[in-house]
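I opened this notebook to record what I looked up in a structure that was new to me. The sequence and the model come before the entries.

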Amino acid sequence: MEIIHDLSRKQFQTVADGKTAYVSYDLVDGCLNIEHTIVPREIEGRGIAAALVKAAYDYAMNYFRLRHAGMRQSGWIGILNTKIRFRL
């Protein structure tokens, strides 16, 4: 599965059987907030949402690691108001 990161839309996207699935996010207060995970019914059950969220998580890990190079890293994942927040 090819996952594309669209920085201008703040989305990770993939296409399966002609249908687009995506995770949209925002960067707020040093956190990557996943706002929506959309997988059309026709392509549900294939692990697409999990792959998209993993791509977002990997991006957050790399983005904040590079941004704060040399600083001591600590991380947490919590669910706040139905949003998944990654803080590094």
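The entries below go from the overall layout to single residues and their partners.

**Entry 1. Basis**

I note that this is a predicted model, in which local features need pLDDT of at least 70 and side-chain atom pairs count only at pLDDT 80 or more, while totals for chains, interfaces and linings use all residues. Residues are numbered from 1 along each chain as its sequence is written, and side-chain values use heavy atoms, with hydrogens and water left out.

**Entry 2. Layout**

I looked up the secondary structure and found one helix and six strands in the protein chain. Helices (H or I, at least four residues) and strands (E, at least two) are DSSP runs, numbered from the N terminus. Read from the N terminus on, the order is β-β-β-β-α-β-β.

I then turned to burial. Buried means under 20% relative accessible area, exposed over 50%, and partly exposed in between (1.4 Å probe, protein chains only). Of the 88 residues in the protein chain, 32% are buried.

Among the contacts with a separation of 6 or more, 43% join residues 24 or more positions apart.

**Entry 3. The core**

Which residues have the most contacts inside the largest nonpolar core? I recorded Phe12, Ala21, Leu32, Ile43, Ile48, Leu52 and Ala56, in a core of 15 residues. Two or more residues of this core come from each of β2 (11-16), β3 (19-28), β4 (31-38) and α1 (48-67). Helix α1 gives the largest share, six residues. For the term itself, a nonpolar core is a set of buried Ala, Val, Leu, Ile, Met, Phe, Trp, Tyr and Cys residues joined through side-chain atoms within 4.5 Å.

I followed Ile43 further. Leaving aside neighbours within four places in sequence, Ile43 is in contact with Ala16, Asp17, Lys19, Ala21 and Ile48.

**Entry 4. The first strands**

Two strands pair if DSSP finds at least two bridges between them. I found β1 and β2 paired in the antiparallel sense over three bridges. Their hairpin has four residues between the strands, and Lys10 there takes a positive phi near 55 degrees. Strand β2 is mostly covered, with five of its six residues buried.

Strands β2 and β3 also pair in the antiparallel sense, over six bridges. Ala16 has Lys19 in β3 as its bridge partner. Two residues lie between β2 and β3 in their hairpin, and Asp17 in the turn has a positive phi of about 50 degrees.

**Entry 5. Asp6**

Asp6 is in strand β1 (residues 4-6) and stands opposite Gln11 in β2. Leaving aside neighbours within four places in sequence, I found Asp6 in contact with Gln11 and Gln13.

Is Asp6 buried or exposed? Asp6 is buried yet has no salt bridge, and Arg9, the nearest side chain of opposite charge, is 4.0 Å away. Lys and Arg count as positive and Asp and Glu as negative; His and the chain ends are not counted.

**Entry 6. Salt bridges**

A salt bridge is a side-chain nitrogen of Lys or Arg within 4 Å of a carboxyl oxygen of Asp or Glu. How many does a search of the whole structure find? The search finds three.

In one of them, the closest N and O atoms of Lys10 and Asp26 are 2.9 Å apart. Lys10 is in the loop between β1 and β2 and Asp26 in strand β3, so that distant parts of the chain, 16 residues apart, are linked. Lys10 is partly exposed at 34% relative accessible area, and Asp26 is partly exposed at 21%.

Arg46 and Asp17 form another, at 2.6 Å from N to O. Arg46 lies in the loop between β4 and α1 and Asp17 in the loop between β2 and β3, so this pair ties together parts 29 residues apart in sequence. Arg46 is partly exposed at 43% relative accessibility, whereas Asp17 is exposed at 60%.

Lys54 and Asp58 also meet in a salt bridge (2.7 Å, N to O). Both lie in helix α1, four residues apart, about one turn of the helix. I noted Lys54 as partly exposed at 48% relative accessibility, and Asp58 as partly exposed with a relative accessible area of 31%.

Methods. Contact = heavy atoms within 4.5 Å.
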